[in-house]
Amino acid sequence: MTDSTIAPDALTALSPLDGRYQHKTAGLRPYFSEYGLIRARVTVEIEWLIHLSKQQQITEIPPFSKACTGYLRSLAAQFDVDEAKQVKVIERTTGHDVKAIEYYLKDKIKGHDELERVSEFIHFACTSEDINNLAYGLMLLGARQSVLIPAMKSLADALAELANEYARQPMLARTHGQPASPTTMGKELVNVCQRLNRITAQLAEQKLFGKFNGAVGNFNAHYAAYPDIDWPESAQSFVSSLGLTYQRFTTQIEPHDYMAEFCHILSRFNTVLLDFTRDIWGYIALGYFKQKIVKGEVGSSTMPHKVNPVDFENAEGNLGLANAVLGHLAEKLPISRWQRDLTDSTVLRNFGVGVGYSMLAMNATLKGLGKLDLDAAAMNHDLEQNWAVLAEPIQTVMRRYAIARPYEKLKSFTRGKQGINKESLHKFILSLDIPDRAKTALLEMTPASYIGNAAEAVRRKQP
C-alpha cells in the first residue's frame with residue numbers, strides 16, 4: 001500500500017474532527033457533512049416542486065394528490081448515505097453538484113405517472129444558489145436546534161449547578177493577579193453562567209435568512225414563464241414554510257450577513273468560555289480545586305503523581321481553532337464580486353469545522369467540570385494569609401466618620417508590608433476614633449466574611 005492508496009478511516013482522516021474526535025462530533029454529521037448538504041438540497045428541490053403544485057396559475061401542474069406529496073416527501077425523509085452516493089455518481093458526469101440533484105430526482109419519479117408528467121418543473125426557474133442558500137439555512141437551523149443550543153445550555157446549566165453549590169464558599173479574589181477583596185466561588189461561576197445564557201439566547205433568536213429569486217435576484221425567468229404570478233409573495237411563502245426568514249433584496253446570492261452574525265455570536269460564546277477555562281485552570285493551579293481521579297488515566301508519562309487539567313487545556317486549544325474558522329467565515333462570506341462569485345462555495349463547506357471545534361471545546365469543558373472537587377481548606381487558608389484585604393472596608397468606614405486621610409493611612413499601614421494579620425489589623429481598628437458599634441463590626445469581620453452580597457447574588461433568581 002502506498003501513501004496515495006490509504007483507505008479513508010479514523011486513523012487516516014486529515015481533520016481530527018473526523019479522526020480522533022469523530023465520536024464527539026457525530027451529532028453534527030447529519031447537518032454539515034457532504035451527505036447533509038446533499039440531503040438538504042434534495043429537501044429544497046422537493047418542497048419547491050410541491051409549492052409550485054399549489055400555484056393555481058400554473059395549470060401545467062395539477063394539484064398533487066396526498067399520495068403524490070407523501071411519496072415526494074418520503075424521498076427526503078428516507079434519504080440516506082447510499083442515496084447520496086447515487087447523487088455523487090451522477091455528479092461525476094454533470095460536473096455540477098446541484099444539477100446532479102435535479103437528475104437524481106427525475107430518476108426517482110420515473111414510472112410515477114402523476115410526477116413524471118411534470119418532471120421539468122423540478123428545479124423550475126432556479127439558479128443553483130436558490131437551492132444552496134436554503135440548504136445551508138436548513139443545515140444551520142437543524143444543527144442549531146438539535147445540537148448546538150442544547151450543548152450550550154447544558155454547559156450553562158452545569159455552571160449554574162456548581163454556582164449554587166458554592167454560593168457561600170468564600171475565596172480570595174485576584175485583580176491584576178494580586179490579592180483583592182474576597183468573593184465566593186459561586187459568584188464567580190454565576191458571572192460566567194449569565195454571560196453564556198445571554199449569548200445562547202441571542203443565537204437561538206438569530207434569524208436565518210433565505211432567498212429564492214433566480215439568477216440575479218429579479219425573478220427574471222419566473223416572470224418570463226408566468227408573468228401574472230406575484231413571485232415575490234410566492235417566494236416569501238415558500239422560504240417561510242421551510243422555517244427561514246425571507247430575504248427580499250439580493251443579487252444572485254443571499255448576502256450571508258446573517259451567517260456572519262451567527263459566527264460572531266458563536267465566537268463570542270467561545271471567547272467567554274475561553275476566559276472561563278483559563279480562570280479555572282488557574283484555580284486548579286492555586287489548589288482551589290482538586291481533580292477527581294479517573295481509574296486508569298495517566299497524567300504524565302514520567303511523573304506518576306500528576307493529575308493535569310487536560311480537559312480545560314483541550315477546550316482552550318479547540319476554542320482557538322473554532323474562532324479562527326468562524327472569524328474567517330464571518331469576514332469572507334458577506335463579500336461577493338458583483339452579482340456572484342464562487343469564493344463562498346468552498347468556504348461554506350467548512351461551517352461544520354467551526355461549529356465542530358466549538359462543540360469539542362464545550363464537551364471538554366463539561367467533562368472537566370465533572371471532575372472538579374472544591375478544596376475549601378485551601379481556599380480558607382489563602383484567605384487567612386491575606387488579612388490586608390480588609391484595608392478596603394476599614395478605610396471606607398473611616399470615610400463615613402470623617403477620619404482625615406483614611407485611604408492614605410491604610411495605604412501606609414498595609415501596602416507592600418509583610419506580616420499584616422488579624423492582630424495588627426485589630427490593633428489599628430482599636431486606635432480609631434469611630435463609634436464602638438463600628439469598631440465592633442470591623443473587629444468581627446474576617447477575610448472569609450467580607451464577601452458583600454456575593455452569596456445572595458447567586459441565590460437570586462436569574463433572568
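**The largest cavity**

H18 contributes the most to the lining of the largest cavity, with 3 residues. This is a predicted model, and a search of the whole structure finds 1 cavity of 30 Å³ or more. The space in the largest cavity is about 30 Å³.

Its lining consists of Trp-387, Leu-390, Ile-394, Leu-425, His-426, Ile-429, Leu-442 and Met-445. Sorted by class, the lining of the largest cavity has 7 nonpolar residues, 1 polar residue and no charged residues.

**Helix H16**

Helix H16 covers residues 391–400, and its buried residues are Ala-391, Pro-393, Ile-394, Gln-395 and Met-398. One of these, Ile-394, also lines the largest cavity.

After H16 comes Ala-402, which has a positive phi, near 60 degrees.

**Helices H2 and H4**

Elsewhere in the chain, helix H2 (residues 34–53) meets helix H4 (residues 81–94), with axes that come within 10 Å and cross at roughly 80 degrees. Angles from 65 to 115 degrees count as roughly perpendicular, and H2 and H4 are therefore roughly perpendicular to each other.

On the H2 side, the contact is made by Glu-34, Tyr-35 and Ile-38, and on the H4 side by Val-81, Ala-84, Val-87 and Lys-88. By class, the contact of H2 with H4 has 5 nonpolar residues, 2 charged residues and no polar ones.

Notes: Residues are numbered from 1 along each chain as its sequence is written. This is a predicted model: local features need pLDDT of at least 70, side-chain atom pairs count only at pLDDT 80 or more; totals for chains, interfaces and linings use all residues. Side-chain values use heavy atoms; hydrogens and water are left out. Buried means under 20% relative accessible area, exposed over 50%, partly exposed in between (1.4 Å probe, protein chains only). Helices (H or I, at least four residues) and strands (E, at least two) are DSSP runs, numbered from the N terminus. Axes are lines fitted to C-alpha atoms, for helices over the stretch in contact, and angles run from 0 to 180 degrees between N-to-C directions. Angles under 35 degrees count as roughly parallel, over 145 as roughly antiparallel, 65 to 115 as roughly perpendicular and the rest as oblique. Contact means heavy atoms within 4.5 Å. Ala, Val, Leu, Ile, Met, Phe, Trp, Tyr, Cys and Pro count as nonpolar, Asp, Glu, Lys and Arg as charged, and the others, Gly among them, as polar. On a 1 Å grid over the protein atoms alone, a cavity is a set of points where a 1.4 Å probe fits but cannot get out, and a pocket is an open set with protein on both sides within 12 Å along at least five of seven lines; lining residues have an atom within 4 Å of a point. Grid points are joined across faces, edges and corners, and a volume is the space filled by probe spheres set on the points.
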